[in-house]
Amino acid sequence: MKRIFLKGIKGGTGTTSIVANLACALRKSNVPVYAIDLDPKGDLGLHLGLAWEHQLGWSDYPNFASACEQFHQDNDGVKFLPYGSHSNLGLDFSSIIESCQQLNDSDDSWFLFDCPAHVDVHRYSLNEDDIFLEIINCDAICHSFAFKRLNTLKQAESSWQHYFLTNKYNSASELESDLLQLWQTELPLIAPLYINKDEVIKEATAFRNVAINCAPYSVANDDFETLAGWLVSRASQNDQ
Amino acid sequence: MNDFAVKNSHTLTQYDIEKLLRQFGGKETDYVEIVDVEKNRKTIEKYPLLNDIALATTQTQSTKKINKNAIKNHK
């Protein structure tokens, strides 16, 4: 069981799009992939073809066994659990993360958690096999947040694998180009890859789908496949 | 003035890589990371917010070093 937590370092970094696209990229290897929406504002289901009218999710159930009714499967075979409308206070995100271990049907299965930006990383119960990706955009605010995060990580003596992943990179912008070069050489924990800004990601969502299916030869698709491959190598490092 | 007699390429040959490894690589390191330190410095100086953060983090590091030295001296 491989657990990947993805969280924006601030709101609007594009975390949910990454979760949906990454889930489908990982699924190409025919391994079980679960995507769990922990973000009340994420709407992960919309990226994976869930009907807009659908309101229910795990936050509408008193316990995990009943919340499992809300697992859906997209056309690629990704099983996902929407957040819902928060009509029941019986479950919180920690118990959902813990309970997901009951679904662990294979050592090769991947669990992707779409985490809300406002919940701090230290509120998650992480172990040394977990990978935590904090999504950043190439702007000065993310630069500031990343250095603040580094300070808190040093103090917490984190045991999990923590990385900053750059999303929506626009190579035509001088500031973004400057920042990315700076980060790649001087920011500790920066992932050695980034996701380019690509209209395909937005268009795919409008078609209730992901880049892999809408534009298989797009830059975005290449980026998500690279990300999936890199995560496989990171996770296999844990297995050694 | 450009010196065209000098090969000006961004692609390193195997010979270049081996030379760099001999010069800068560690005993157990099979790669060399090339960092344009000057470009990074200019980027930080160009943007005031980045400059503030760089100054603050450098100061924190130097304070920690001073504190460590103080502890050593105290012992």
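Colleague: How many residue pairs are in polar contact between chain A and chain B?

Modeller: A polar contact is a pair of N or O atoms within 3.5 Å; within protein, one must be able to donate a hydrogen and the other to accept it, and residues adjacent in sequence count only if both atoms are side-chain atoms. Between chain A and chain B the count is six residue pairs, both residues at pLDDT 80 or more. Keep in mind that this is a predicted model, where local features need pLDDT of at least 70, side-chain atom pairs count only at pLDDT 80 or more, and totals for chains, interfaces and linings use all residues. As for bookkeeping, residues are numbered from 1 along each chain as its sequence is written, chains are lettered from A and ligands numbered from 1 in the order in which they are written, and side-chain values use heavy atoms, with hydrogens and water left out.

Colleague: Which helices of chain A each supply at least two residues of the side that touches chain B?

Modeller: Helices (H or I, at least four residues) and strands (E, at least two) are DSSP runs, numbered from the N terminus. Here helix 5 (140-156) and helix 6 (174-186) of chain A each supply at least two residues of that side. Helix 6 gives the most, with eight residues.

Colleague: And how do the residues on that side of chain A divide?

Modeller: Ala, Val, Leu, Ile, Met, Phe, Trp, Tyr, Cys and Pro count as nonpolar, Asp, Glu, Lys and Arg as charged, and the others, Gly among them, as polar. On the side of chain A that touches chain B, that gives five nonpolar, four polar and four charged.

Colleague: How many salt bridges does the rule find across the interface?

Modeller: Look for a side-chain nitrogen of Lys or Arg within 4 Å of a carboxyl oxygen of Asp or Glu. The rule finds three across the interface of chain A and chain B. One of the salt bridges joins the side chains of A:E174 and B:K46, at 2.4 Å from N to O.

Colleague: What is the area buried between the two chains?

Modeller: Buried area is the accessible area (1.4 Å probe) that two parts lose on being put together, summed over both. For chain A and chain B it is about 1,200 Å², and carbon and sulfur atoms give 60% of that. Counting contacts instead (heavy atoms within 4.5 Å), 13 residues of chain A are in contact with 13 residues of chain B.

Colleague: Is A:D178 buried or exposed?

Modeller: Buried means under 20% relative accessible area, exposed over 50%, partly exposed in between (1.4 Å probe, protein chains only). A:D178 counts as buried because its relative accessibility is 7%. A:D178 is found in helix 6 of chain A and, leaving aside neighbours within four places in sequence, is in contact with B:K39, B:T43, B:K46 and B:Y47.

Colleague: Where does A:H86 lie, and what is its phi?

Modeller: A:H86 lies in the loop between strand 4 (79-81) and helix 4 (93-99) of chain A. Its phi is near 60°, a positive value in a residue other than glycine. A:R208, in the loop between helix 7 and helix 8 (211-214) of chain A, also has a positive phi, near 55°.
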